[in-house]
Structure formats: C-alpha cells, structure tokens
Amino acid sequence: MVGTQTDPRWDNIIGKEWMCSSCEDLHTGIIDLAYDWPDHWNGDKAIHLNNKLTRDAENILTEDFCVIGGEHYFVRCIALFPLQGYEDADFGIGLWSSLSKENFITYVEHFDSDEQDHLGPWFGWLSNAVGLYPDTLNLKLKVYPQNDGQRPEVIIEPTDHPLAQDQKNGISYERLTSLYDFMGHTVN
Ligand SMILES: [Zn+2]
C-alpha cells in the first residue's frame, strides 16, 4: 500500500541518507532515540551485557533491565509514535518503565522464551524525562511484552500531556526535528 503523505518535509529524511550536522554521521531515514538507563539510576554507567545477573542483583544495569536498591525495578521498552502527515513509518523512543517486583520477575524468567505477549499488559511509570516535553517522569504506562525478543511496547495513558498526544495523534515534523536537535542530531 502506498502511504498518504501530506507533509512534504518528511522527504528530507525518509527513505534516504542524511548527513547529520551535529554528530557528523550519515543517518538513514527516521532514527529512533533511546535512553540507556532510567533517570533514577545513579550507579555505574557501564552496562552489564549479561541479563542473567539480574535475578540476584540489588543494583544492576543491563541493556534491558535495571534494579535499584533491591526494590525498584525497571525494564527498557519502546514507545512508537506515528508521524503527522506521513503514513507507513513510525518514530520510536527507547525508554524505561518501572514494573512491580512480581511483573519484573515474571518478565526476567520469560526473557529467553519467544512467547511473552500473553504476559501483559502491565502497569508502569515512565522513568525518563524525555527532552523538550513538559515533565514526563511518572506518566502512566501500559507495558506490552512482545514475542521473539522484541522490547516491550508502551502506550502512554491518554491524557492531554503533549507526549501522550503525540503518541495518539502523531508527532509533527517540527517536533521530531527539534527533538533530534536536542538529542544531538541535526537535520539541515
Ligand atoms: Zn546525528
């Protein structure tokens, strides 16, 4: 299916390589942004590559999990945003959600299985301040575990918060390129 495009500025980045004037890398199309840890993490920023260490750790950060003080549990997720004025493409932000201890343990135990989507949805609190938006910490999330090793998808509680609105209605070209700029990637 050919998508409907009503904002021609998306052609500046979609379906092509674009030279980033901030990091001076060549990016391809829509690039996702990501946070490597929840904002609550004050520990070592070296990320453990072994998720199996998570089970017994009091304080740990891996690519997928974070435990703080043996009582706060976080998982790395992805929030997908449609684009305003362009169908057939999404923008994603890798961000962290809290989970209850019970749901976190369930998730860790099922992590190596290919079938996780029956586990959720779970409740979580958004655990990153997403740049440019009014305070996003502790927005309410529904966390949907995915199959085949994909990170859980989150749906932000539908409120009038701009981040929730952007997930529901689509992110505009202006907002996305401003967000890129803020995160160190500049579209000329
Ligand atoms: Zn860049």
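How many bridges join strand S9 (residues 140-144) to S10, and do these strands run parallel or antiparallel?

Mentor: Four bridges join S9 to S10, and the two strands run antiparallel. Strands are counted as paired if DSSP finds at least two bridges between them. Two points on conventions come before the rest. Residues are numbered from 1 along each chain as its sequence is written. The model is predicted, so local features need pLDDT of at least 70 and side-chain atom pairs count only at pLDDT 80 or more, while totals for chains, interfaces and linings use all residues. Helices (H or I, at least four residues) and strands (E, at least two) are DSSP runs, numbered from the N terminus.

Within the pair, leucine 141 stands opposite isoleucine 156 of S10. Buried here means 20 or more other C-beta atoms within 10 Å of the residue's own, exposed means 12 or fewer, and partly exposed lies in between, with C-beta atoms placed from the backbone. In a regular strand the side chains alternate between the two faces of the sheet.

S10 (153-156) also meets helix H2 (residues 162-169): the buried residues of H2 pack against S10, S6 and helix H3 (173-182). These buried residues are Leu163, Ala164, Asp166 and Gln167. They lie on the same side of H2, because they cover an arc of only 160° around the axis; the arc is that of the directions from the helix axis to the C-beta atoms. An α-helix has 3.6 residues a turn, so residues three or four places apart point the same way. After H2 comes glycine 170, with a positive phi near 105°.

The buried residues of H1 are Asn103, Phe104 and Tyr107. Their arc around the axis is only 100°, which puts them on the same side of H1. Lys101, Glu102 and Glu109 are exposed on the face turned away from it.

Leaving out residues up to four places away in sequence, leucine 99 touches Tyr73, Phe74, Val75, Phe104, Tyr107, Trp122, Gly124 and Val143. A contact requires C-beta atoms, placed from the backbone, within 7 Å.

As for the whole chain, there are three helices and 10 strands, in the order β-β-β-β-β-β-β-α-β-β-β-α-α. Of its 188 residues, 29% count as buried. Among contacts with a separation of 6 or more, 54% join residues 24 or more positions apart. The C-alpha trace spans about 50 × 35 × 30 Å along its principal axes.

Definitions and conventions:
Two residues are in contact if their C-beta atoms, placed from the backbone, lie within 7 Å.
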